[in-house]
Structure formats: structure tokens, C-alpha cells
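Me: I have a structure open and would like to go through it piece by piece. Can we start with the strands?

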Amino acid sequence: MTVQETLSELVAIESVSSRSNSRIVDCLSQRCEALGLCVKRFPYTDESGVEKINLIALAGTKFTESPPEVELALIGHTDTVPYDPIWSDALRLTEREGKLYGRGACDTKAFVAAALTAIELIELKKLRRPLALIFTADEEIGLIGAKRLAEARAIQSRYAIVGEPTSLRPMRAGKGYCLAEIKIKGREAHSAYPRLGSSAVFAAARLIADIERIAAKLESEEHPAFDPSYTTLNVGLVHGGTAKNVIAGECRFTLEWRPIPGQDPKRLLDLLSTAIEEEKTRDPDFVCEVDAARSDEGFETSPDSKIVTMLEELSGRQAGTVAFGTEAAQMTELGADAVVLGPGDIRVAHRTGEFVPIAELEACVKILRQAIEQLCL
Ligand SMILES: [Zn+2]
């Protein structure tokens, strides 16, 4: 099968994160078994009771009691973001002017198709160091599949290539992703008698102003490989109060931050609790709860690592950094020097009409084949 045929087959299997990915895993598993790879499923049940499966396929080693150790792992997620029902060709790979359109064509089935094709071009009998393909679930809704594999210590890998659209530029570092919901409690009263109540909206506004000062403070802790070079913060949603003439009894807001690698994701939470303590000292009525929903660290691989220099040479491009979250952090937890690389542009991913340029898809096969040859043969 050509890489385009493989991509077409994968796009045709709907694998939106909310549904089970068992069909696409069946397809990938069959392809790997046909090549003589040793496959193992790591199933789990998601929050909605739906079965999800991570799949690991090994070449040059087998599953035993202890986690397999491989030289190189290629990781691609099986799930996609949802698509607009008016996009009637979302599941039919369509070619136009050198580009292939379809849901997941860019993010990240193109990489998965390229990885399968690259493996098929290798004489696996000649492998001197083992290789793994890792196909994950639920990447798009919080890297959940990869986190499960990392928690289970399912595999150990020296090097990893994480498939995400980077237009084939190797990315050796990425920021983390953290999210908290903050709830401020006040006391409702008639707005004509403010002393009878306590405004949660005013209190939230004071804390948000503190957060803006924290954001400015964090700008001085720089990581020069990133643009912006510091941890960024965002208060994206604020909900408070019930009516214009009622003192607000409650106000909630979201706080999102993207920590630079090397900075503890908890650093911001520490600064936030200090600010909350100060608000409480000033105002005994200040009541606040912080629900830290996500705390994903970033990752960084040394610019001198063999996988970085090798992929720079194979792609002809200098390594960069990404501001979006990837499974590279989990691969780093599993011991790997990780690099993010894949065909397609992240700016068209998740859109109606996402696409991958055919030339990049084919170039990715070549890069992955050469990477396997250099590290594993
Ligand atoms: Zn992706």
C-alpha cells in the first residue's frame, strides 16, 4: 500500500475522541501483525464509560514481564477533533492541488500513515536495536492515553519521534499546559445596601489584577528558545453575579498557563496562593477555592542529542520549539530524548478542511525510514 492509500484508509475510519478508537486500533494492529511486529493493547475505560485503547507494536523485541526497552519509538495519536457535519468529505480523503484533505489528514493520521509505510520499507530481520510504534488514544482531550502509558511505565525508549504537524521541522522543546478554575464566594444583597453583602465580582477583580501582576513577574523568568520566551497566562472566562441590582454572591473564572520547560507547573499555583492569602488578610470576607484541573509539564531535549542533530540533518531544518502541548512530555517521562515532527501545518489542524501536502507526507516517510536505519540498523 502507498502512503496515500494508507492515509485514505485511516481517514475513512472515524476516530473522534468522544468515540471508541477500537476500529482504528484493529486496523493498525492488523497492519503491524502482518509485518511480524509483536502487538499489545492497553485498554481503559474513559470518563464516559467508552472503551479506549493504546497500542504498542514492537520490532526486534517482545513483551515479557518487564517493560520492553527500545532504541526508537514513533508515536502517533489515533483520535481526532470533531468535524462540522457540513464537511461532507471529512472521512473521504480528497486530493486537490497537491494537498490531501480530510479530518485527521494533518493531525495526525498523516504521521501514522508515514510511520507504517516507513516500517514496511525496512528489512526488519536486520534490526540490531529494537523499535516501537506507539498509537495512543485521547490525545486531543488532554494527552490522556499517553499519560496512562507513562503511569503504567508501559515501555522504555531511548529516543522518540512524536508525530504532530510541524511542517517536518524537528521541535526539541515544548511548553506545558495547566488549567485551574477559581471560585470566589461573596454574599448576595440588594445593590442599594452594599454593606449588607459582599461582592464576589469585586473580589474576583482584585484577584485577577493580582494575577496580571504575577504574569508580569513571570516574564522575567525566560527560556530563550521560545517565543514568547516566558510562561504565559490567560484568564479566558469569567462568570459572576445573577442580576444588575444584586450584589454578586459568586464569581468563577478560568486561569490557564503554559509553563516553559524547567519551570515547575506548580510555581504559578504557589504565587497564586500567596496572592490569595494577602487578599484574605486585607478582607476577612474573601473566600476562594482553586480547582487545579490540569498540570502538564513541558519537555526539552538537548540540542546536542543525537535524535535532534540527526533529524535536523534529515529534514534540512534547524530544530525549534512548540507552544502547544504534545505527548513528548510523556515520552520524556518514559526515558526518551523526544522530538516532535510530522507533515502538515499546525495552523490548519483542527479546521474544517484540514489538509496535508502530498510532498510533505512523502518526505516524512523518507525521514522516518532514514531515522530508523540510522538508529536501529
Ligand atoms: Zn495532534
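Me: Which residue is the bridge partner of proline 43 in strand 2?

Reply: The partner of proline 43 is isoleucine 53 in strand 2. Strands here are DSSP E runs of at least two residues, helices are H or I runs of at least four, and both are numbered from the N terminus. Note that this is a predicted model, where local features need pLDDT of at least 70, side-chain atom pairs count only at pLDDT 80 or more, and totals for chains, interfaces and linings use all residues. Residues are numbered from 1 along each chain as its sequence is written, and side-chain values use heavy atoms, with hydrogens and water left out.

Me: How many bridges join strand 1 to strand 2, and which way do they run?

Reply: Eight bridges join them, and the two strands run antiparallel. Two strands count as paired if DSSP finds at least two bridges between them.

Me: What do strand 1 and strand 2 form?

Reply: They form a hairpin, with five residues between them. Glycine 49, in the turn, has a positive phi of about 80°.

Me: Which residue in strand 6 does leucine 58 stand opposite?

Reply: Leucine 58 stands opposite alanine 132. Strand 6 (residues 131-136) pairs with strand 2 in the antiparallel sense, over five bridges.

Me: Is strand 2 mostly covered or mostly uncovered?

Reply: Strand 2 (residues 51-59) is mostly covered, with eight of its nine residues buried. Buried means under 20% relative accessible area, exposed means over 50%, and partly exposed is in between (1.4 Å probe, protein chains only).

Me: Where do histidine 77 and glutamate 164 lie?

Reply: Histidine 77 is in strand 3 (residues 69-77), and glutamate 164 is in the loop between strand 7 (156-162) and strand 8 (171-174), so the pair ties together parts 87 residues apart in sequence. Both histidine 77 and glutamate 164 are buried.

Me: Now pockets. How much space lies in the largest pocket?

Reply: About 660 Å³. On a 1 Å grid over the protein atoms alone, a pocket is an open set of points with protein on both sides within 12 Å along at least five of seven lines, and lining residues have an atom within 4 Å of a point. Grid points are joined across faces, edges and corners, and the volume is the space filled by probe spheres set on them.

Me: What lines the largest pocket?

Reply: There are 26 lining residues, and the closest to the centre are Glu140, Ile141, Gly142, Leu143 and Arg294. Helix 4 gives the largest share, four residues.

Me: And the second largest pocket, which residues lie nearest its centre?

Reply: Ser295, Asp296, Glu297, Gln330 and Glu333, out of 15 lining residues. This pocket holds about 230 Å³ of space, and the largest share of its lining, four residues, comes from helix 8.

Technical notes
On a 1 Å grid over the protein atoms alone, a cavity is a set of points where a 1.4 Å probe fits but cannot get out, and a pocket is an open set with protein on both sides within 12 Å along at least five of seven lines; lining residues have an atom within 4 Å of a point.
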